Amino acid sequence: MENFIPFRAAEGSEDYGMLRSKYEIRGLPKEAIVDKTGKIVDKIGSFDSPDDFFERVKKSLKGTDTLAGLQEEYEKNPENLFNALKLAIKYNNIYKRDNAVELLDNVLKKPDEIKSIFVPYGTENEKVNGYEYAKFLHARVTFRNRGSKIPEFGEFIKEFPNSRFYEEAYVTLANFYKNYQEDEDRAEEFINSAIKKFPDNNRLPDYFVDFSIRTGRNLKKAEEITKGWIKKNPENIYAYRYAASVYLKMGKDEKAFEVFGENFCKKYIYSKPDDGDKASLLNTYAWYWAPQGKNLKSAEKASKKSLEIRPDAHAYWDTLSMIYWKMKNYDKAIETEEKALELNPNQNAYKNQIEAIKKDKEKNN
Amino acid sequence: MKKKFLSFASILLLITAVFANGTEWFKGSFDEAKAKAAKEGKLIIIHFFSNG
């Protein structure tokens, strides 16, 4: 890191808004590498480990596959499909999806040419066919996990049944089907087929449970899955939360409170030391119950504790406001939401919530 | 915004781990950071994050 000046752009700080806009940063946390004039050299998206991060930083220093370098190469020779595809991959990695789609559309206009090209993928010596990768990437960047239109992955798995991306395409399609409302029978069939094909894929049970909670189908099996999660990882708050959602869908509110209520908090959250992680867990718990208007006393207690630890967290004030709103304590709801807004003045959602609470107060008084 | 999942906490811990070894964040404005980068022949790595 000695070749860099590390500059922190925290939300709310002086340069934050300008820098985030200038470098088109979406999603946090994120890193941008710029030169002394402020010109972008590279952007770093998500990464799996500090080693991956430093590898990416080292490559940026060498100018290898940086955003600026790839853009320059493409501008010099836009007909070079290899460069175009590498730049599209880069755009996808830094969430510039429109740019990625535009490049991929152009690349896929020449299928015979792109089929003869192989691009690096995975380890240093691995390559993948350009056409297959372009199709997969196009499906990925245009993917929306809800809606009525079946994503391109549906065509991809038919065209490339032996692709290294087959499982990812299939599982991503299952993610779409868990939200699919047009044909629940078809959605259920697809998710079950995915689980049968890929029994070791750990995302698929999540999608099964999500689908079950949304539709009310296969709730007994969903209950078994969540019990399995709890048994395997008894400190995982999300396992309990999922279980509560299944019970609420079953109409078993008392069981939901039992599995993810005050006793859960006492056992797994309140006993932890007062730090940021605990505050986050408390807020996650409180936020789960707040919009549902259930278990509010316990949610209020947890929310207040989260704010005791992290009084600077605007989102946690927002959670408490929702709880008061559901309790019909409108004045306190407005007061706490104003606190959230004070800490994050650019958050329109907070402004909108204050207006909505005021209207509700007027209606009920 | 509101939903601070453990996956976000994991990413935050990862960032903290990456920058944990005595990293001294630049104290000053971005313009001042650029001036320092010009003087020392370095790049700037901007770390964007949220407290909320």
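This is a predicted model: local features need pLDDT of at least 70, side-chain atom pairs count only at pLDDT 80 or more; totals for chains, interfaces and linings use all residues.
Figure 1. Strands pair if DSSP finds at least two bridges between them.

**Figure 2. The pairing of β1(A) with β1(B).** Strand β1 (residues 43-49) of chain B runs parallel to β1(A), joined to β1(A) by seven bridges. B:H47 in β1(B) is the bridge partner of A:R8.

**Figure 3. The crossing of α9(A) and α10(A).** The axes of helices (DSSP H or I runs of at least four residues) α9 (residues 166-177) and α10 (residues 184-197) of chain A come within 9 Å and cross at roughly 145°. Axes are lines fitted to C-alpha atoms, for helices over the stretch in contact, and angles run from 0 to 180 degrees between N-to-C directions. In contact (heavy atoms within 4.5 Å), A:Y166, A:Y170, A:L173, A:A174 and A:Y177 of α9(A) meet residues of α10(A) including A:F190 and A:I191.

**Figure 4. Confidence along chain B.** The mean pLDDT (the predictor's confidence in each residue, from 0 to 100) of chain B is 69. Over residues 1-17 of chain B the pLDDT is below 50.

Residues are numbered from 1 along each chain as its sequence is written, and chains are lettered from A and ligands numbered from 1 in the order in which they are written. Local features need pLDDT of at least 70, side-chain atom pairs count only at pLDDT 80 or more, and totals for chains, interfaces and linings use all residues, while side-chain values use heavy atoms, with hydrogens and water left out.

Key
Helices (H or I, at least four residues) and strands (E, at least two) are DSSP runs, numbered from the N terminus.
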